[in-house]
Amino acid sequence: MRFDVTLVFRAGDQSFVHEPWAVETADRAEALSRSKREGIERRFGREFLGYSRFELFTAGSVDIDDLPAVETRRSAELIPVEDVPASDEPGRKLRLEGLEEVRWWEIEGAFGPASELGAALRRCASEDEALAKDSAELVGEWIAHQTTLYPATSVALPFVLRLLCEPELACHSVLEPWFAVAVDAALHEPTEAERAAVRAEVEAMTPAVRALLFPDGFEARDALGEARAADVRDVLRRERASLVDLAACGNETAKRALAQLGIP
């Protein structure tokens, strides 16, 4: 069974952030326990208050793209639920310095505000190998879904590099290909022919689809993509030491980045 949950947090400015989450389990108590753990993991300096929704969903599986959006409201709008202890979070092999200070809920990723991304980055270092690998896949989707870059990509990338510098972590094999997707997207400079081809595809879309995917037109979307790519390139330059370490270990993505950015 699936439980649809909305976690509620109080931020420092006294706004209340409502974040959707879903948990698959046959037991309501376990769903509450895991939801409480998720709320704790997503705090990042906020106070976890409880839930504004906790409902059993029985209409079949739903993709992450179908989840409702994160909302910031003036009130908490909490509902009463049973008080259960949070399920245990597995230990971690590595602490990512600076991760807790990031206001992830204010940063846009592939699926909206990215507090889930912050929690997933932390879990990439989990002693539970399955959780580490699943979290790495989630990180990749948040930062490079459909080879697109997001504001969260440049924020997350230093933490991704830190994880990749520890090859014994279980997340490494899953995270590295996503790292390659993000880096290659940032380093690729589209030719005029490539831009013309995409522009033609956009013009061939139905008006409704075009308005959804390119609300401000192709040129605005193209400029936004270049700005995000530039942000990622800046991060790669700042993270030169990590790139050099990765390249020395044979990481081909790091080698490409160093070569294309002209970093000695």
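The model is predicted: local features require pLDDT of at least 70 and side-chain atom pairs pLDDT 80 or more, whereas totals for chains, interfaces and linings use all residues. Residues are numbered from 1 along each chain as its sequence is written, and side-chain values use heavy atoms, with hydrogens and water left out. Helices (H or I, at least four residues) and strands (E, at least two) are DSSP runs numbered from the N terminus.

- An open sheet is formed by 4 strands in the order β3-β1-β2-β4, with antiparallel pairing; two strands pair if DSSP finds at least two bridges between them.
- The edge strands, each pairing on one side only, are β3 (47-57) and β4 (71-73).
- On average, neighbouring strands of this sheet are turned by 30° against each other, direction ignored.
- Strand β1 (residues 2-10) pairs with β3 in the antiparallel sense over 9 bridges, and Arg 2 stands opposite Phe 57 in β3.
- Helix α1 (residues 28-41) lies across β1, β2 (16-24) and β3, and runs at about 145° to β3. Axes are lines fitted to C-alpha atoms, for helices over the stretch in contact, and angles between N-to-C directions run from 0 to 180 degrees.

**Packing of α5 on α8**

- The axes of helix α5 (residues 172-187) and helix α8 (residues 218-238) come within 8 Å and cross at roughly 115°.
- That makes α5 roughly perpendicular to α8 (angles under 35 degrees count as roughly parallel, over 145 as roughly antiparallel, 65 to 115 as roughly perpendicular and the rest as oblique).
- The crossing of α5 and α8 is left-handed, meaning that the near helix is turned anticlockwise from the far one by less than a right angle; clockwise would be right-handed.
- Val 183, Ala 185, Ala 186 and Leu 187 of α5 meet Ala 229, Val 232, Arg 233 and Leu 236 of α8, where contact means heavy atoms within 4.5 Å.
- The residues of this contact of α5 with α8 comprise 7 nonpolar, no polar and 1 charged (Ala, Val, Leu, Ile, Met, Phe, Trp, Tyr, Cys and Pro count as nonpolar, Asp, Glu, Lys and Arg as charged, and the others, Gly among them, as polar).

**Packing of α6 on α8**

- Helix α6 (residues 192-204) and α8 pack at an angle of about 135° with their axes 11 Å apart, and are therefore oblique to each other.
- The crossing of α6 and α8 is right-handed.
- Arg 195, Val 198, Arg 199 and Val 202 of α6 make the contact with Phe 218, Glu 219 and Asp 222 of α8.
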